[in-house]
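Opened the notebook again for another look at a model.

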Amino acid sequence: MKLNELKVDMDYFHMDEKLYERLKPTPLKNPKLVSFNKQACDLINLDYKECETQEFLDLLNGVKTLENSKTYSMVYAGHQFGYFVPQLGDGRAINLGAVNSWHLQTKGSGPTKYSRQGDGRAVLRSSIREYIMSEAMHALDIPTTRALAIINSDTFAHREWEKESCSIVMRMSPSWIRIGTFEFFAKTKNSKENLIKLADYVIEQNYPHLKDEDKKYEKMFYSLVDKTALMLAKWQVYGFMHGVMNTDNFSMAGVTIDYGPFAFMDYFDKNCICNHTDAEGRYSYNNQPYVARWNLIVLANALKEICDEDKLLEYMKTFMPQHENVYLELMNKRLGLVAVKSGNSNLDLILELLGALETSKIDYNVFFYKLTNLKSFDDISSITDFCVFTDPIQKWFDSYKKVCEIQDSNIEERNEIMKRVNPKYIIKNYMLQEAIQLAHSGDYSLVNDLLKIAQNPYAEHLKYDRYANPTPMEFANLKLSCSS
Ligand code: AMP
Ligand code: MG
């Protein structure tokens, strides 16, 4: 379809008008297309050719709107690093409405009523990171928002170090409602009425099967708990760290949103912290499932006017077991084992592996890729060659061999399972950094190449074979700044 044929659903304006702001974006100077994403085009049935038109640039830049689209920003609240902030909101994101159930949003479109001290802008660096990472997550089957395109410009913003060029990324999500949106609505004057409207909206968008059910708000919560437990298990399995798991960055649709100082862990370290403002490690790798559980408890509290809070809290007891089940099932797959077939979860083997990975200092995801390509147990030096200390992994292989024998698993069978879950390429921060550096000099080729790698992580990308190697030590497990 052409841009002007896209059918836009506007569905938020039945909320109390104090809960959003109708506004126009503030365009950037001399916008240039950096990249567009064909997979995302397919999701909204947009012809690829449309993305090379001036009209598309104008749409991203907020100069033109889609037919029927009315732009707005939303208010929300949230717990940031454990402390309640009564008013946040889309400080730099503007919503355009939904196409094919994908809610379009431009991030970096200028100040809104909710910008507080911020300039409403997003720098190129952060837009490239979000654009590529959300696609990488999707390719690993991790629930996430998607991204349609990025523009760069001759407008500049001041960040920590220097002036940086401003950009806009068009993101798409099944919902932009956050736990923090409920926290805000729970504190409004007509809180019960507002919460009901918001919950009905979320159910209609994301849990339509619950629409006519009894106790539908409780059931919405239970579904979100299930989805979040699954999402967290997948984060942990691939070593993804979000970096800022505040309740305003937690989606009611159970997808990963608001990419900031995230990272895929390079070398395994259970206490890894990727956000340099998180000195105490509230959002460290190991803490992530616990924080997600805490965030859901905050939601249970925000819903208490329309739900039986005790029931919600009772259901929260299933969160950790659910999370653990999915985690163990997937970790078994990463080892080529079938937990169900063997009748046990191989928990000891997995825990021993995590300890061995940590002490041997081997790249976490590279380990699994190398294991997938192991020809026989006589060949484990092809893996231990990548370890700083070889002993722990060598010892772990003794345990692994035993489990494989007991569970009657052969190498062909294991490789078949592993090659579906252990990709050759995982997008690491140092790769994004290379793409960003080139993009700053006006060369967007690596952004586009990384997008292809992110979307096809199991395929060969011969020109970029080096990205399948362990992260160079000097770039491993670095902490990133929140500024974006
Ligand atoms: P984050 O943790 O990046 O999701 O941001 C937290 C809050 O700050 C959100 O409400 C954002 O909209 C807002 N924010 C972040 N950066 C800016 C900016 N440059 N201008 C305005 N608001 C911002
Ligand atoms: Mg946010």
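My entries follow, starting with the ligand.

**Ligand 1.** I'm working from a predicted model here. Then I went through polar pairs. Arg92 has a side-chain N or O atom 3.2 Å from a nitrogen of ligand 1. For Asn249, a side-chain N or O atom sits 3.1 Å from an oxygen atom of the ligand. Asp258 also puts a polar side-chain atom 3.3 Å from an oxygen of ligand 1. Next I checked cover: on its own ligand 1 has 480 Å² of accessible area, and the protein covers 79% of that.

**Phe389.** Which residues make the nonpolar surface patch of about 300 Å²? I found Val388, Phe389 and Met473. I placed Phe389 in the loop that runs between helix H13 (381–384) and helix H14 (391–406). Its relative accessible area comes out at 49%. Exposed needs over 50%, so I logged Phe389 as partly exposed.

**Lys163.** This one belongs to strand E9, residues 163–173. Buried or exposed, I asked of Lys163? I got a relative accessible area of 52%, so Lys163 goes down as exposed. Leaving out residues up to four places away in sequence, I listed its contacts as Phe156, Ala157 and His158. I also took the C-alpha separation from Lys163 to Gln54: 27 Å, with the two 109 residues apart along the chain.

Notes. Residues are numbered from 1 along each chain as its sequence is written. Chains are lettered from A and ligands numbered from 1 in the order in which they are written. This is a predicted model: local features need pLDDT of at least 70, side-chain atom pairs count only at pLDDT 80 or more; totals for chains, interfaces and linings use all residues. Side-chain values use heavy atoms; hydrogens and water are left out. Patches are made of residues with over 30% relative accessible area and no salt bridge: like charges are joined within 9 Å, nonpolar side chains (Val, Leu, Ile, Met, Phe, Trp, Tyr) within 5 Å. Accessible areas come from the Shrake-Rupley method with a 1.4 Å probe; for residues, only the protein chains shown count as cover. A salt bridge is a side-chain nitrogen of Lys or Arg within 4 Å of a carboxyl oxygen of Asp or Glu. Helices (H or I, at least four residues) and strands (E, at least two) are DSSP runs, numbered from the N terminus. Buried means under 20% relative accessible area, exposed over 50%, partly exposed in between (1.4 Å probe, protein chains only). Contact means heavy atoms within 4.5 Å. A polar contact is a pair of N or O atoms within 3.5 Å; within protein, one must be able to donate a hydrogen and the other to accept it, and residues adjacent in sequence count only if both atoms are side-chain atoms.
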